[in-house]
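Subject: Structure handover

Hello,

Here is the structure you were going to take over. My notes on what was found in it follow below.

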Amino acid sequence: NVVFSVLGKKGTVVPDLSQNEISIVEDDASQKITNFTRESGGPVALAVLIDTSNSIRTQFKVEQEAAIDFFHTTVRRRQDRAMLMSFDSTVDILQPFTDDADLLTKAVRRLKTGGGTKMFDAIQLACQEHLRKETRVRRVLVLISDGDDNMSFEVLSSTIEAAQRAEVAIYAISTNTSGFFGMSAPKNAKLLKRLAEETGGRAFFPSKIDEMAVNFQDISLELRNQYSLAYRSSNPARDGSFRSIKIETDRKNLKVKSRKGYYAARG
């Protein structure tokens with residue numbers, strides 16, 4: 001199963017794609033789609049990870065309010081589940097999975113800043129120990145950070161692998177507003193963008209911290225206008241290898257976003 005989004009020229013979601021307008025390729029071999037659905041109302045397991053290191057201190061209050069609004073507009077009772085984690089020199093679970101936006105709000109209010117940054121470690125923990133255990137749902141991680149990791153044991157490649165194995169889409173909102181589209185810290189901007197692109201998510205680079213609320217709204221809208229397809233791989237090998245996948249549409253001027261691949265089963 002592969003969940004994907006389709007965006008127009010200006011990044012607007014496209015909600016009316018049909019199965020005959022898409023195709024999927026695995027390792028350069030065309031695959032036969034066996035199932036295609038729109039995921040507008042399907043349940044979501046959502047992990048929000050907020051950077052509380054010293055580097056984001058000046059934007060912190062705005063981040064908190066934007067996150068609270070996101071929980072209240074996105075998490076539906078008895079359908080979705082969300083959790084909140086923070087990371088600086090440690091990684092903390094402030095609220096385990098719940099469908100109660102008020103509990104999540106109280107957890108956001110408890111956030112405090114200080115310390116270094118264990119971003120990769122936090123993502124790996126959220127994907128492998130928490131989101132992976134949520135079944136029959138779309139798994140989504142929202143990362144709020146400037147991308148400046150300086151304390152993790154994990155690295156970018158192992159973090160992406162953890163997300164891909166857990167089938168988690170990463171949506172990143174950069175807190176670095178000192179340069180437009182991350183120009184003041186291009187390395188960190190590229191890192192956030194790669195985390196998103198490799199997992200089928202999306203990276204946002206607000207030029208002002210006030211735009212963060214709009215980015216949260218864009219994520220919420222996209223989650224309500226996604227698609228899912230299924231296919232049985234034409235490669236029968238159970239060798240644990242990474243298989244690249246690419247979804248394309250013949251409708252012009254559209255961009256399809258999905259994870260870049262998956263790891264085959266071993267057996």
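Strand β1 (residues 2-7) pairs with strand β11 (residues 227-231) in the antiparallel sense, over three bridges. This is a predicted model, so please read everything here as computed from it. Within that pairing, Val-3 has Ser-228 of β11 as its bridge partner, and Phe-4 stands opposite Tyr-227 in β11. β1 also runs antiparallel to β13, to which four bridges join it; there Phe-4 stands opposite Ser-258. Five of the six residues of β1 are buried, which leaves the strand mostly covered.

These strands belong to an open sheet of four with antiparallel pairing, in the order β4-β11-β1-β13. At its edges stand β4 (33-38) and β13 (255-258); each has a single partner strand, so one side of each has no neighbour in the sheet. From one strand to the next the twist averages 30 degrees.

The other sheet to look at is an open one of six strands with mixed pairing, ordered β7-β6-β5-β8-β9-β10. Its edge strands, β7 (91-98) and β10 (202-204), each pair on one side only. Neighbouring strands in this sheet are turned against each other by 15 degrees on average, direction ignored. Strands β5 (residues 44-51) and β6 (residues 81-87) run parallel and are joined by seven bridges. Ala-47, for one, has Met-83 in β6 as its bridge partner. Helix α1 (residues 60-74) lies across β5, β6 and β8 (138-145), and runs at about 175 degrees to β5.

Next, the aromatic side chains.

One of the pairs is Phe-36 with Tyr-227, at 5.8 Å centre to centre and with 25 degrees between the planes, and it is stacked. Phe-36 lies in strand β4 and Tyr-227 in strand β11, so this pair ties together parts that are 191 residues apart in sequence. Both Phe-36 and Tyr-227 are buried. Together with Phe-4, these two residues form one aromatic cluster.

Another pair is Phe-70 with Phe-216. Their ring centres are 4.8 Å apart and their planes are at 35 degrees, so the pair is tilted. Phe-70 lies in helix α1 and Phe-216 in helix α6 (residues 212-223), so the pair ties together parts that are 146 residues apart in sequence. Phe-70 and Phe-216 are buried too.

One ring has a charge over it: the charged end of Arg-165 sits over the ring of Tyr-263, at 3.8 Å from the ring centre.

Thr-249 gets its own paragraph. This residue lies in strand β12 (residues 242-249). Is Thr-249 buried or exposed? With a relative accessible area of 18%, Thr-249 falls under the 20% cut-off and therefore counts as buried. Its side chain reaches the backbone oxygen of Glu-21 at 2.9 Å. Leaving aside neighbours within four places in sequence, Thr-249 is in contact with Leu-17, Glu-21, Ile-22, Leu-254 and Val-256.

Finally, two residues with backbone angles to check. Glu-167 has phi near 55 degrees, a positive value in a residue other than glycine. Glu-167 is found in the loop between α4 (156-165) and β9 (168-174), and at 41% relative accessibility it counts as partly exposed. For Asn-253, phi is near 65 degrees, again a positive value in a residue other than glycine. Asn-253 is found in the loop between β12 and β13. Its relative accessible area is 53%, over the 50% cut-off, so Asn-253 is exposed.

Regards

Notes. Residues numbered from 1 in each chain as written. Predicted model: local features only at pLDDT ≥ 70, side-chain atom pairs only at ≥ 80, totals over all residues. Heavy atoms only, no water. Pairing = 2+ DSSP bridges. Axes fitted to C-alpha atoms, helices over the stretch in contact; angles between N-to-C directions. Contact = heavy atoms within 4.5 Å. Buried < 20%, exposed > 50% of the residue type's maximum accessible area, 1.4 Å probe, protein only. Polar contact = N/O pair within 3.5 Å; in protein donor to acceptor, adjacent residues only side chain to side chain. Phe/Tyr/Trp six-rings, centres within 6.5 Å; stacked < 30°, edge-to-face > 60°. Lys NZ or Arg CZ within 6 Å of the ring centre and 35° of its normal.
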